[in-house]
Amino acid sequence: MPPHMAVLLKKLLHPGRSPAALGRLMGRREASLGTDPGAAVRVRFAPSPTGFLHLGGLRTALYNYIFAKKHQGSFILRLEDTDQTRLVPGAAENIEDMLEWAGVPPDESPRRGGPAGPYLQSQRLALYAQAAEALLKSGAAYPCFCSPQRLELLKKEALRNRQTPRYDNRCRSLSQAQVAQKLATDPKPAIRFRLEGEAPAFQDLVYGWNRHEVASVEGDPVILKSDGFPTYHLASVVDDHHMGISHVLRGSEWLVSTSKHLLLYQALGWQPPQFAHLPLLLNRDGSKLSKRQGDIFLEHFAATGFLPDALLDIITNCGSGFAENQMGRTLPELITQFDLSRVTCHSALLDLEKLPEFNRLHLRRLVGDETQRCQLVGQLQALVEEAFGSQLQDREVLDPAYVERIILLRQGHICRLQDLVSPAYSYLWTRPAVGRAQLGAISEKVDIIAKRVLGLLEGPGTHLTQDVLNRELRKLSDGLEGIKHSNVMKLLRVALSGQQQGPPVAEMMVSLGPKEVRERIQKVLCS
C-alpha cells in the first residue's frame with residue numbers, strides 16, 4: 001500500500017461528502033460516454049493473463065471488436081494482472097499475439113500503446129490508490145484489519161451452515177480511535193467498500209432491467225488489498241472511467257456484480273458506461289469450456305491449420321447477434337450484420353465437430369482469391385519441407401506452379417492445408433515404393449496396362465485434363481479383354497500412389513503431371 005494511504009487512514013474524515021465533491025477530489029471530468037449518443041464508442045477486452053487465450057475469450061473479444069468497428073469506435077485491450085500470484089509466463093504476450101492472428105487486433109494495448117495507457121493494471125496502481133483515498137475520505141470505504149485466518153473461518157462456518165459465505169462487516173463500525181490504534185501495529189490494512197442503501201436498477205443491453213440487492217446478500221467487498229493491488233471491482237470501474245469506456249461487453253457471470261460496480265460509480269461521482277452482458281459459450285453438451293480442455297486454446301487451432309475466419313464464423317454462428325445463422329461469413333460481413341439488440345440471454349452451444357466443415361468453406365474461399373492463393377502456396381511449401389524433408393528426391397515438387405495445381409485440384413476436398421501432407425497425400429511429394437508383385441496381385445496384365453497408359457500420354461493432341469483422361473482411360477479399359485475397368489483404375493492408383501484408395505486416377509495424373517506419371521509408370525515396367 002502506498003505510504004500516503006497509511007497517512008490518510010490516520011486522518012479519516014467523517015462520511016457525507018457529496019458525489020460532486022468526490023469528482024473534484026479525483027480531478028477528473030465525468031465520463032458521459034455511456035449516455036451521450038454523439039460520444040465516441042470505446043470498448044475493451046480485459047482478460048487476466050492467468051492463461052492463454054481460448055475460444056471463450058476470443059468470442060468476448062470478437063463481439064467487442066465488431067461492435068466497435070460497426071460504430072467507428074475503438075477496441076482496447078487491457079490486461080488485468082493484479083492477481084500477481086496466478087500470472088502465467090507468456091500469457092500476456094500470447095493474448096495479444098492470438099488477437100492479431102485472429103484478425104481482431106486492438107487499437108490500443110500494452111504492445112501498441114495509446115492515449116489512455118498504461119494498459120497493464122499493475123502499472124496503474126496510483127489511480128486505484130487515488131480512488132480508494134477519495135472513498136475513504138467520504139466514508140464510502142473503510143480499513144479492514146481482519147486476518148486471512150479469520151476470513152477463512154467465516155467462510156467455513158457459512159458453508160457448514162449451508163449459507164452463502166459473506167463478510168460480517170466487523171471492521172465497518174470501528175471508531176477513529178480504534179482505527180488509529182490498529183494502524184500502529186498493522187499499517188497496511190485492506191480497504192473495503194461500504195455497501196449501503198438500495199442498489200440502483202440498470203438496463204442491461206442484453207438482459208434488460210436488473211437490480212441485485214448486494215447489501216443484503218453480500219458483505220462489504222475488498223476493493224484494495226493490503227499489498228496495494230486492487231480487486232476486480234475497483235480496478236474495472238477506475239480503468240473504464242479513465243479510459244473513457246462507453247460500453248462494457250463482458251460475460252454474463254459479471255451481471256450480478258454490476259449493481260456493486262454502479263454503487264462504486266455513484267460513490268465516486270462518475271457516469272457509468274452502458275453494460276451488455278454476453279451469454280456463456282458452452283460445449284455442445286452444455287458443459288462449461290474449461291482451460292483444462294487443451295483443444296480450446298487458439299494456439300492449438302493455429303498450430304493445427306485452422307483458419308482464423310473459420311473460428312470467428314463458428315463462434316458467432318452458434319450464438320446470437322445476427323438476423324440469421326449462416327456459414328461462411330467473413331469478418332467484414334460479421335461487422336456489417338452484427339446487431340447488439342439481437343443478442344439473446346441463451347447460452348451458445350459450440351459444436352467443434354463442425355469446425356472442419358467451416359474451415360473447408362473458408363479455405364476454398366481463400367483459394368479463389370489469387371493473392372491469398374499465393375500465400376497458401378508458400379504455406380504448403382513450408383509444410384511439405386517440414387513433413388518430408390530429406391525424403392524429397394525431386395525438388396520440383398516444391399515448384400510454385402505444381403503446389404498451386406495441387407491446391408486448386410483438392411480445394412473443396414480438404415478441410416485444412418495440413419491435410420495435403422498427411423500420409424494419404426504423401427504420393428504427391430515422394431514416389432511410392434511399389435513392387436511388381438503388389439501390382440500383379442491386382443492384374444496379371446501389368447505390362448500391357450502400363451504400356452497402353454504410356455501410349456495414351458504420348459499420343460498426339462492428348463491434353464492432360466480430367467475429362468479427357470477419364471474418357472481415354474475408359475476406352476483403354478474397354479480394349480482389354482477380361483479386365484474390369486475398376487481393376488485397371490485400382491492398378492493405376494497403386495502404381496501412382498502406393499495406395500488403394502484416394503482421389504480419382506485422372507485427378508492423380510493431372511496433379512502429378514505427364515512427366516512424373518510417365519516416370520512412375522516406366523518404373524513399373526522396369527521393376
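Modeller: Let's start with an open sheet of three strands, ordered β3-β4-β7 and paired in antiparallel fashion. It's a predicted model, so numbering runs from 1 along each chain as its sequence is written, local features need pLDDT of at least 70, side-chain atom pairs count only at pLDDT 80 or more, and totals for chains, interfaces and linings use all residues. Side-chain values rest on heavy atoms, with hydrogens and water left out.

Colleague: Why do β3 and β7 count as edges of the sheet?

Modeller: Each has a single partner strand, so one side of β3 (141-144) and one side of β7 (222-224) are left without a neighbour in the sheet. From one strand to the next, the twist averages 45°. Angles here run from 0 to 180 degrees between N-to-C directions, with axes fitted to C-alpha atoms, for helices over the stretch in contact.

Colleague: How do you know that β3 and β4 pair?

Modeller: Two strands pair if DSSP finds at least two bridges between them. β3 and β4 (residues 190-193) have four, and they run antiparallel. In that pairing, Tyr142 faces Arg192 of β4.

Colleague: What makes something a strand or a helix?

Modeller: Both are DSSP runs, numbered from the N terminus: helices are H or I with at least four residues, strands are E with at least two. Helix α5 (residues 125-138), for one, lies across β3, β4 and β7, at about 105° to β3.

Colleague: Why is the Arg78 and Asp239 pair called a salt bridge?

Modeller: The rule asks for a side-chain nitrogen of Lys or Arg within 4 Å of a carboxyl oxygen of Asp or Glu. For Arg78 and Asp239 the N to O value is 3.6 Å, so the pair passes. Arg78 sits in the loop between β2 (74-77) and α4 (91-101), while Asp239 is in helix α9 (residues 232-242), so the pair ties together parts that are 161 residues apart in sequence.

Colleague: How many salt bridges does that rule give?

Modeller: The count comes to 33. Another one joins Glu357 and Arg360, at 3.2 Å from N to O. Those two both lie in helix α14 (residues 355-367), three residues apart, or about one turn of the helix. There's also a network: salt bridges with shared partners join Arg44, Arg78, Glu80, Arg124, Asp239 and Asp240.

Colleague: Are Arg78 and Asp239 buried or exposed?

Modeller: Both are buried. That word means under 20% relative accessible area, exposed means over 50%, and partly exposed is in between, using a 1.4 Å probe and protein chains only.

Colleague: What makes you say both faces of β1 are covered?

Modeller: In β1 (residues 42-45), Arg42 and Arg44 on one side and Val43 and Phe45 on the other are all buried. Four bridges join β1 to β2, running parallel, and Val43 stands opposite Phe75 in β2.

Note on methods. Contact = heavy atoms within 4.5 Å.
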